[in-house]
Amino acid sequence: MEQKTKIHAEDGKHDLVITREFELPLALLFKAYTEAEIVEQWMGTKVLKLENKQHGGYRFETPDAKGNIVVRMHGSIHEFSEEKRITRTFEMENTSFPVQLEFLDFEATSADTSKLTMHIIYRSVADRDAMLKLPFAQGINMAHKRLEDVVHMRMNKKQNTEHS
């Protein structure tokens, strides 16, 4: 089955572009990236900090089933434009991967659908290629599917509560 999340990586370049169209209105897609409770649900991580503003930052950590921290991620938010763009750094602690720069662009494609385009810049071609050797494409596709599922579940729950 074809993956909905597309990754475009040109040989010899130190960046890549990820695109995904969602069956979600723009406002809800944007909330999935900016509301801690939703981020925790679809990413399966704990949000320790999420300051959605220019010069803000974020810090996440993911534990295993025993509560041991498997990975910590953090970064700085350089640009925050409601329902349009988030420009941020992203770094995974205790890994060999250096910090990367991410441009997340959000756009409405209809009243009920939206698109996310992520342009990620790595320090080197080797760093980018090392990331692509991991099950990166499958992982981000699964995460985006969970994002869509979590938001749909929340929408349905809200609608059921309103009609009760």
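Modeller: In the contact between helices α1 and α2, Lys31, Ala32, Tyr33 and Thr34 of α1 meet Ala36, Ile38, Val39 and Trp42 of α2, contact being heavy atoms within 4.5 Å. This is a predicted model, in which local features need pLDDT of at least 70, side-chain atom pairs count only at pLDDT 80 or more, and totals for chains, interfaces and linings use all residues. Residues are numbered from 1 along each chain as its sequence is written, and side-chain values use heavy atoms, with hydrogens and water left out.

Helix α1 spans residues 26-34 and helix α2 residues 36-43; helices are DSSP runs of H or I with at least four residues, strands are runs of E with at least two, and both are numbered from the N terminus. The two helices pack at an angle of about 85°, with axes 6 Å apart. Axes are lines fitted to C-alpha atoms, for helices over the stretch in contact, and angles run from 0 to 180 degrees between N-to-C directions. That angle makes α1 roughly perpendicular to α2, a class that covers 65 to 115 degrees. The contact residues divide into six nonpolar, one polar and one charged, where Ala, Val, Leu, Ile, Met, Phe, Trp, Tyr, Cys and Pro count as nonpolar, Asp, Glu, Lys and Arg as charged, and the others as polar.

Lys31 and Ile38 also belong to the lining of the second largest pocket, together with Leu28, Glu35, Val151, Arg154, Met155, Lys158 and Gln159. A pocket is an open set of points on a 1 Å grid where a 1.4 Å probe fits, with protein on both sides within 12 Å along at least five of seven lines, and lining residues have an atom within 4 Å of a point. About 250 Å³ of space lies in this pocket, and α4 supplies the largest share of its lining, five residues. Its lining comprises four nonpolar, one polar and four charged residues.

Helix α2 also supplies at least two residues to the lining of the largest pocket, which holds about 870 Å³ of space. Of its 33 lining residues, Met43, Met73, Phe90, Ile140 and Ala143 lie nearest the centre. Here α4 again gives the most, with seven residues.

Conventions:
Parallel < 35°, antiparallel > 145°, perpendicular 65-115°, else oblique. Points joined across faces, edges and corners; volume = space filled by probe spheres on them.
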